Amino acid sequence: MESRQERAHGSPALRVENVKLNIIEVDGLTKKFGDLVAVDHVSFQVKRKEIFGFLGPNGAGKTTTIRMLCTLTRPTEGSAAVAGHDIVREADEVREHVGLVSEKMIMYDRLTAYENLKLFGKLYGIPSKLLEERIDELLGLVHMSKWRNHQIGTFSSGMRQRINLIRGLIHLPEVLFLDEPTLGLDPQSALEVREFIGRINDEQETSIILTTHMMLEADMLCDRVGIIDYGRIVALDTPTELKTQVSGSRATVLEFDIPNLSQEMILKIEALDCTEKLSQETPTQLKVHVKGQDAFDNIVGAVRSDGGRIAAVRNLDPTLEDVFLSLTGHEVRDAVTEKVTTTEHRHDMGSQRRRARVR
Ligand SMILES: Nc1ncnc2c1ncn2[C@@H]1O[C@H](COP(=O)(O)OP(=O)(O)OP(=O)(O)O)[C@@H](O)[C@H]1O
Ligand SMILES: [Mg+2]
């Protein structure tokens, strides 16, 4: 499919076909700030109705990529099309099709939720009656109807973020960009916001591109994830595929602590259909590669039938954190603390890592 899309750029007929398939097409997009290469020749496609996540540490180039795609900053090199329109030559058309939610957006504390949304909607030239209806519908969607006439200044950060989210939807964009949508929210509000993102994607069929440096968020929400580090996409796939690449298998790995582990128990577990591989780590510890929904129950049954007692079970499946570590040689958190280093230092480290990755 990739090569077909690449070939298609030259042919108008195929380009139309591409727009149907991919809401975003990015080719060699680059942004330099002086000597700093913030986004370094990235190429990717986002499919229609997909939730696509950019995962990467602070300073990786996530916001800059999104800002280019929203036409807020011009690329230094490369090209991109959003909803079939070139982000440089057809910037006005692109803006009609996209909504952006970022923490930098200004809201007026003294105005009510409704007034803030109305002000924003007017900027898009939406007729008053239609705008009123849409605001009420969107407030309902985020369970904020009863706060319609309250000043934004009195809201908690979670409530504020919900208003911010629907503000990005006021002109019913085909594509919604969310820059760190749950940053700074408490776990409950973050959960609600994620649930809302899933719902608008589902119900309104909005294509969503979000950035995050939270592995779990990317894993939970995104159909596909692009891992970005030092301005480059180092991997792009579904969370499941990314994790499979690291573990080398689709099997789930469970580790059991069984204080009275016996040879009979091991043989019984080995004979189960769900067991792919088994290894004894210590006299009381078993690592089992399993497949299928009933694997856990079956193993517990086999152990108990021989009088075994299970003291603990751990799921050793790789996380996206492991994927990041294996691809970049460093942890997302390491890179966060590195943000305080100078630009020059950052480049040094970046090239060292890239060399290390190429091997
Ligand atoms: N307007 C600008 N002028 C100069 N440098 C910039 C500018 N905007 C971003 N940068 C630099 O470009 C790099 C990428 O920044 P960007 O904001 O895209 O990262 P990010 O992945 O969004 O990070 P975060 O997770 O912290 O939001 C950083 O080193 C940043 O300092
Ligand atoms: Mg950012």
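Start by selecting Thr71, which sits in the loop between H3 and strand E4 (77-82). About those labels: helices (H or I, at least four residues) and strands (E, at least two) are DSSP runs, numbered from the N terminus. Before going further, know that this is a predicted model, in which local features need pLDDT of at least 70 and side-chain atom pairs count only at pLDDT 80 or more, while totals for chains, interfaces and linings use all residues. Residues are numbered from 1 along each chain as its sequence is written, and chains are lettered from A and ligands numbered from 1 in the order in which they are written.

**Stop 1**

Keep Thr71 selected and check its backbone: phi is positive, about 70 degrees, although Thr71 is not a glycine. Is Thr71 buried or exposed? Thr71 counts as buried because it has 21 C-beta neighbours inside 10 Å. Here is the rule: a residue is buried if 20 or more other C-beta atoms lie within 10 Å of its own, exposed if 12 or fewer, and partly exposed in between, with C-beta atoms placed from the backbone.

Now jump to Tyr230, in the loop between strand E9 (224-229) and strand E10 (232-237). Tyr230 is another residue other than glycine with a positive phi, this one near 45 degrees. Tyr230 is buried, since 23 other C-beta atoms lie within 10 Å.

**Stop 2: helix H3 and ligand 1**

Select H3 (62-69) and you have a mostly covered helix: eight of its eight residues are buried. They are Lys62, Thr63, Thr64, Thr65, Ile66, Arg67, Met68 and Leu69.

Next, show ligand 1. Around it you'll find Phe33, Leu36, Ala38, Gly56, Asn58, Gly59, Ala60, Gly61, Lys62, Thr63, Thr64 and His213. A residue joins this shell if its C-beta atom, placed from the backbone, lies within 6 Å of the ligand. Which element gives the most to the shell around ligand 1? That's H3, with three residues. Strand E2 (36-47) also supplies at least two residues.

**Stop 3: H5 against H6**

Select residues 113-123 for helix H5 and 128-141 for helix H6; their axes come within 10 Å and cross at roughly 130 degrees. (Axes are lines fitted to C-alpha atoms, for helices over the stretch in contact, and angles run from 0 to 180 degrees between N-to-C directions.) H5 and H6 are therefore oblique to each other. The cut-offs: angles under 35 degrees count as roughly parallel, over 145 as roughly antiparallel, 65 to 115 as roughly perpendicular and the rest as oblique.

Show the side chains of Ala113, Tyr114, Leu117, Lys118 and Gly121 in H5, which meet Leu131, Ile135 and Leu139 in H6. Of the residues in this contact, six are nonpolar, one polar and one charged. Two residues are in contact if their C-beta atoms, placed from the backbone, lie within 7 Å.

**Stop 4: H7 beside H8**

Now pick helix H7 (residues 157-167) and helix H8 (residues 187-203), which pack at an angle of about 15 degrees with their axes 9 Å apart. H7 and H8 are therefore roughly parallel to each other. Ser157, Gly158, Gln161, Arg162 and Leu165 of H7 make the contact with Ser189, Glu192, Val193 and Phe196 of H8. This set splits into three nonpolar, four polar and two charged.

**Stop 5: H11 and H12**

Last pair: the axes of helix H11 (residues 263-271) and helix H12 (residues 295-305) come within 9 Å and cross at roughly 150 degrees. That makes H11 roughly antiparallel to H12. On the H11 side, Met265, Lys268 and Ile269 make the contact, and on the H12 side Ile299, Ala302 and Val303 do. Five of these contact residues are nonpolar, none polar and one charged.

While you're in H11, click Glu264. Glu264 counts as partly exposed because it has 13 C-beta neighbours inside 10 Å.

**Zoom out**

Finally, show everything: the protein has 15 helices and 14 strands, and buried residues make up 34% of its 359 residues.

Key: Nonpolar A, V, L, I, M, F, W, Y, C, P; charged D, E, K, R; others polar.
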